[in-house]
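Colleague: I've got this model open and I'd like to learn how to read it. Can you walk me through it, a feature at a time?

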Amino acid sequence: MSRQEVSSTSWTRQRYIFLMVLMAIFGLSWIVSSRVPENATRHVARAPKPGFLAPDFELQSLDGAYVKLSQYRGRPVVINFWATWCPPCRSEMPAIVREYERYKGQGLVVLAVDNGEDPPKVRAFREEYGMSFPVLLDKKMRVAEMYHIRALPTTFFIAPDGTITDMVVGGMNKATVRVHFQRLMEGH
Amino acid sequence: MMPVFSLAGLSIPAKPLILLLGFYAALWLGSKGAESLGIDGDHVWNGGFLSVVGGLVVGRLAYAVRYPQVYIQDPWALISPRLSTFVPWAAVLGGGVFGYLYIRHHRIPLGRFVDAITPALVWLWGIVALANLFAGDAYGEITNVPWGIEMWGAVRHPTQLYDLIGAVLTLFWLFIKPSPRGQGLWGWRLLFAYSVWRLFTEAFRGDSFVVWGGYRLWQIVALLGALVALGALARVAPSSRSTRG
């Protein structure tokens, strides 16, 4: 930019320098006074968004048992919202199954939440894809509503402390699935 | 939360779509501004698209560098349109570098170019604020001020609206008290206005990136931005002696 003085600027150099000093003083004071307190609990609220605690829910699994999200506190959890009629859900499921098999020994939990379909259809899908993790039936799509699901599949990655670390709307390819699972297991 | 559109098997959240349309409008605005300063408007379109492509490539490569074994096994994933596998800051940085190289390559004076696109940059500031408001991103701290808005299970500071107000005020300031165009002054004034506004409103954000000691990183960056902008404006301002003379 030009070093040439701009004569039509109404402010003089001295006034700008004075403003710089004021800016530095007030800016630093504002930064210090608006620090986040060390004991602040910033994301105690539950919301379906990265940075917040995952909303708790209880659903019946395909096997008839009731599964509650909070029972897995202390373990990394992946919640995958899906349906049998959804092509991207079908295409990403083998990669999810593979990553689950890779990490289940390290405590990983995968909860596959089906959106409002009949158990026989869901069971056939589970057999076809060899899903050994809990498949939950969200018959009235109450949990989908709680998690603001607008597209299938949608996947949430939840840290052991219950905080959502990542969220992917839409289907994931093999690399994306692998990277997100790895990130979760590494504690990113 | 904003709706999600499905296109050819891809789920596209409305936020990136709004940003894309807003960016397109910004390029149009920028090209008109460029022409008013004697720069071919095509340079804004070409530079803008090069920045986007460069930003996407750098953002994806930065992601791949963090997980090399995954991308070595599946190199096609490098060109996947998935929006979740980018490093956003690297994409912004890469886009800026590509834009700068384009300007240098075509020997366009930087100050004149920046002044030409400044109104378009203010427009983008407003569009990002609006997209964040609808998507619930860049949300505020929990508050009990009467103008708080319900978001993510609590009443919060409407920080996205604060940003929108900042963009509108900045636009008024730039046009009501205009400085000479073509020497970079508009760009420095925008940097000053944005930095001061961010320094102030970041304190009300509920998703600030906090560094050691509880300090909000973007406040520190904003203060530096404001000081750099004032320094640049001071360099080109007349000294009091020459004003008297």
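This is a predicted model: local features need pLDDT of at least 70, side-chain atom pairs count only at pLDDT 80 or more; totals for chains, interfaces and linings use all residues.

Colleague: How many helices and strands does the secondary structure of chain B come to?

Modeller: Chain B has nine helices and six strands. Its C-alpha trace spans about 70 × 50 × 35 Å along the principal axes. Of the 245 residues in chain B, 41% are buried. Looking at contacts in chain B with a separation of 6 or more, 65% are between residues 24 or more positions apart.

Colleague: How do I read the place where the chains touch? How many residues of chain A are in contact with chain B?

Modeller: Contact here means C-beta atoms within 7 Å. By that test, 50 residues of chain A meet 56 residues of chain B. On the chain A side, the elements giving two or more residues are helix 1 (13-33), helix 2 (87-103), strand 7 (164-169) and helix 5 (174-186). Helix 1 of chain A provides the largest share, 11 residues. By class, that side of chain A has 24 nonpolar, 15 polar and 11 charged residues.

Colleague: And the nonpolar cores? Which residues have the most contacts inside the largest one?

Modeller: The general idea is that nonpolar side chains tend to be buried together in soluble globular proteins. In this model the largest nonpolar core has 45 residues, and those with the most contacts inside it are L124(B), W125(B), F192(B), A226(B), A229(B), L230(B) and L233(B). Helix 1 of chain A supplies at least two residues of this core, as does each of helix 1 (14-36), helix 5 (110-135), helix 7 (185-201) and helix 8 (217-236) of chain B. The largest share, 14 residues, comes from helix 5 of chain B. Another core, of 41 residues, lies apart from it and includes W82(A), C89(A), L108(A) and A112(A).

Colleague: What is A226(B) in contact with, leaving aside its neighbours within four places in sequence?

Modeller: A226(B) is in contact with M23(A) and G27(A), along with F192(B), S195(B), V196(B) and L199(B).

Colleague: Last one: how do I check a helix, say helix 2 of chain A? Where does it bend?

Modeller: Start with length. At 1.5 Å a residue, its 17 residues should span 24 Å, and the end C-alpha atoms are 25 Å apart, which agrees. Helix 2 of chain A bends by about 35° at M93(A), with a proline, P94(A), following within four residues. M93(A) is also one of the buried residues of this helix, together with C89(A), E92(A), I96(A) and E99(A). These buried residues pack against strand 3 (77-82), strand 4 (109-115), helix 3 (119-129) and helix 5 of chain A.

Note on methods. Residues are numbered from 1 along each chain as its sequence is written. Chains are lettered from A and ligands numbered from 1 in the order in which they are written. Two residues are in contact if their C-beta atoms, placed from the backbone, lie within 7 Å. Ala, Val, Leu, Ile, Met, Phe, Trp, Tyr, Cys and Pro count as nonpolar, Asp, Glu, Lys and Arg as charged, and the others, Gly among them, as polar. A residue is buried if 20 or more other C-beta atoms lie within 10 Å of its own, exposed if 12 or fewer, and partly exposed in between; C-beta atoms are placed from the backbone. The expected span of a helix is 1.5 Å times one less than its number of residues. The bend at a residue is the angle between axes fitted to the seven residues ending there and the seven starting there. A nonpolar core is a set of buried Ala, Val, Leu, Ile, Met, Phe, Trp, Tyr and Cys residues joined through C-beta atoms within 7 Å.
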